[in-house]
Amino acid sequence: MGGAGVMADDKLGDPAMAIALLDWPSSWICGKEGAGGLTLASPCVQRTLIDCVNVLLLVAYLSVLLVACVRGQWDVRGRSDAGRRRWEVAVVSVCCVAVAAAYAVAGFTEATAAAASVVRVVVWLALAASLHVQPTRPARTVAVLWWTLFSLLITAYNAEILAMAYTLDVTEAVAWAVNLLLLLCALGSLLRRSHARQDDGGLLEPLIDKAGSAHDSELYRAGLFGQLAFSWLNPLLRLGRSKALDLADIPLITADDCAQQASHKFSEAWSRHRQDKAQTGRANRLALVLFKCFLREIMVAGFYAFMRTLSIAVSPALLFAFVRYSSQENRDHGVGLSLVGCLLLIKLVESLSQRHWFFDSRRTGMRIRSALMAVIFQKQLKLSSQGRKNHSTGEIVNYIAVDAYRLGDSLSWLHMAWSSPLQLAFAVGTLFWALRLGALPGLVPLIVFGFLNVPFAKLLQGYQAKFMVAQDERLRSTSEVLNSMKIIKLQSWEDKFRTMVESLRDAEFKWLKETQMKKAYGAVMYWMSPTVVSAVMYTATAILGSAPLNASTLFTVLATLRVMAEPVRMLPEILTMMIQYKVSLDRIEKFLVEDEITEAVERAPSDNNSDIRVHVQEGNFSWNANAADLALRNVNLTIRQGEKVAVCGAVGSGKSSLLYALLREIPRTSGSVEVFGSLAYVSQNSWIQSGTVRDNILFGKPFPQGTL
């Protein structure tokens, strides 16, 4: 039965520890473990704690099922969310039953292990049932949590056993493999739940449009292993190999990935945030709203980033086990096969987690970019007159083309911002494990390099803000020049304006150059740090004699320093990108909190006894919402039904301002404005839609057959 029992080499540890390890799976309470009593580092205690966690999760799962029965929420559809099961889930459940049977057989053959075997049999049978019995959302949540936590704990425990040069018996090895299958089922459940809203909304879609759903991407119909291996791309790749792809060959995306749903979701979240801010007086935080709006997607990508970081951090310890195994005279082939299996598993987890991390980050970034672009465009349509003065057309285009697009790439860098320091911390811990006190002096140059980067970070933030201001100035001037090109050509002012635009470009290039130079200085420091750190550590270890500088130690330290190289190299770039994202968030947030045209024109239903359609009484209007700077003063106007009114006056006398006042485009400081009925407005600037003549005549309305 039970756990790891056989010692690979008597010289690797104390004989009493070997006896204790042979005894741990047989003892449920671990009260008879020899050689010095029980500690948290004892394999017996650790395995018992894992069993206790399983019992607690089993009780939680049964409690949720009991609550569902009492409340009458036992939904058959909920059961078959795991029950409309694909074949792989059925295979996993059969494997769980097989593991339970193996533990039962072991319990009969080893009388001292009966208690532990009974508990593990019950746990594995319950796990097999949990794959199919999930009547409510809490039940699904507890089941997924159980699969994930059990798999991670048993993986860490078995990795520790193998690192101590012990072997796993057949039952524990098979149970470990089934645990990994349970972890895959947990990931599959999360992926299927991400499309639940799409499936629930299918009944609301018109049947006439369902023909197009046959060409949806295979991503939304792929199974667990298909999504893990990205095999849903194979049909498109085969088609691209046979011919050049055109637009009709590209699969469609569903509503979950469409810009309309992403923008609607973010707009509602931003509106609620603005209302809460107005009530509580807190500051606006665009980053917080984005985080709350896309929390689930961010957490899934963060899980993949954590799994990749963990798999990379374990690699040096695995190399240490390989080198130590190769230096033994009497080698246990079981240990060697276990090490090879661990290597394959770690590399598989690293590869899959890295690719899904980047894929989910890009996918969520696409939603963030679409939401921000749509919200910026909608904000521009409702922007007040003062807001239009604060943000020119060129700046608004820059918000969409530069800032929103940049924030679409922020999710992968966001997870790098915490996973790289975590990977660095794991590497430092491995160095202390290998070199002990000899690793301590090596942290000094690493900390020094980190503190030297602080002034560079402050300079980079200032340079980035000035660069964006200079870019806005250039875009504003370029937009004005293009809009007035006819006048510039007639007056032969090309050289003058070209010189002006080039001077603005030179100012922009100045800050860009400063930014890139400071980034280069930071990169040089961090490229130097691994070499300096390794030299200091080896010297300190040789002087202190804290660890033998043999092959296993040297290769482990070199592998650990290589693991440190990536986060050390990426930290300056991560810091630069975080600064750019902060600047972009601040710019977009400043635009989104601008005042809107909130004062609605007073509209009332037409009175049968009155033919007045427009009535302005003692109206005062100001573009700056300042009574001392009025654009229109003491306006009194009455327009009756059927009248045609022409407003005449000199240039700048306020004819257009009067129309804008009726359209509530100018803030009203006093007086009243009443418009009964609907309004139609034709701008004095000629324009045409991008479409046919019919489209420009109908203006979005259906074509009346027989009338036109």
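**Overall make-up**

I started with the secondary structure and counted 23 helices and three strands in the protein. I noted at once that this is a predicted model. Next I looked up burial: of the 708 residues in the protein, 41% are buried. Then I turned to contacts between residues at least 6 apart in sequence, and found that 76% of them join residues at least 24 apart.

**Nonpolar cores**

I went looking for the largest nonpolar core and found 46 residues in it. Which of them touch the most other members? My list reads Cys96, Trp124, Leu127, Leu131, Trp146, Trp147 and Leu182. Helix α6 provides the largest share, with eleven residues.

Setting aside neighbours within four places in sequence, I found cysteine 96 in contact with Trp124, Ala128, Leu131, Val178 and Leu182. Another core lies apart from the largest one and has 37 residues, with Val289, Trp357, Ile588 and Phe591 among them.

I noted a right-handed crossing for α14 and α16.

Which residues make the contact? From α14 I listed Ile368, Arg369, Leu372, Met373, Ile376 and Gln380, and from α16 I listed Ile396, Tyr399, Ile400, Ala404, Tyr405 and Leu407. Sorted by class, the contact of α14 with α16 has ten nonpolar residues, one polar and one charged.

**Helix α14 against α17**

I stayed with α14 and checked its packing on α17. The angle here is about 130°, and the axes are 8 Å apart. I therefore wrote the pair α14 and α17 down as oblique to each other.

On the α14 side, the contact uses Trp357, Phe358, Asp360, Ser361 and Thr364, while α17 brings Leu411, Ser412, His415, Met416 and Ser419. I had already met Trp357 as a member of the core of 37 residues. By class I noted four nonpolar, five polar and one charged residues for the contact of α14 with α17.

**Helix α13 against α17**

I then looked at α17 with α13. Their axes come within 9 Å and cross at roughly 25°. Angles under 35 degrees count as roughly parallel, which means that α13 is roughly parallel to α17. The crossing of α13 past α17 is right-handed. I recorded 15 nonpolar, six polar and one charged residues in the contact of α13 with α17.

Phenylalanine 230 sits in the loop between α9 (224-229) and α10 (234-242). Its relative accessibility is 19%, so phenylalanine 230 counts as buried.

Arginine 436 also has a phi near 60°, again a positive value in a residue other than glycine. I located arginine 436 in the loop between α17 (410-435) and α18 (443-483). Its relative accessible area is 47%, and I wrote down arginine 436 as partly exposed.

I found asparagine 158 in helix α6. Is asparagine 158 buried or exposed? It counts as buried because its relative accessibility is 0%. Not counting residues up to four places away in sequence, asparagine 158 touches Leu168, Glu172 and Trp176.

My last stop was aspartate 695, in helix α23 (residues 693-698). With 38% relative accessibility, aspartate 695 counts as partly exposed. Beyond its neighbours within four places in sequence, I found aspartate 695 in contact with Gln689 and Gly700.

Methods. Residues are numbered from 1 along each chain as its sequence is written. This is a predicted model: local features need pLDDT of at least 70, side-chain atom pairs count only at pLDDT 80 or more; totals for chains, interfaces and linings use all residues. Side-chain values use heavy atoms; hydrogens and water are left out. A crossing is left-handed if the near helix is turned anticlockwise from the far one by less than a right angle, and right-handed if clockwise. Helices (H or I, at least four residues) and strands (E, at least two) are DSSP runs, numbered from the N terminus. Contact means heavy atoms within 4.5 Å. Ala, Val, Leu, Ile, Met, Phe, Trp, Tyr, Cys and Pro count as nonpolar, Asp, Glu, Lys and Arg as charged, and the others, Gly among them, as polar. A nonpolar core is a set of buried Ala, Val, Leu, Ile, Met, Phe, Trp, Tyr and Cys residues joined through side-chain atoms within 4.5 Å. Buried means under 20% relative accessible area, exposed over 50%, partly exposed in between (1.4 Å probe, protein chains only). Axes are lines fitted to C-alpha atoms, for helices over the stretch in contact, and angles run from 0 to 180 degrees between N-to-C directions. Angles under 35 degrees count as roughly parallel, over 145 as roughly antiparallel, 65 to 115 as roughly perpendicular and the rest as oblique.
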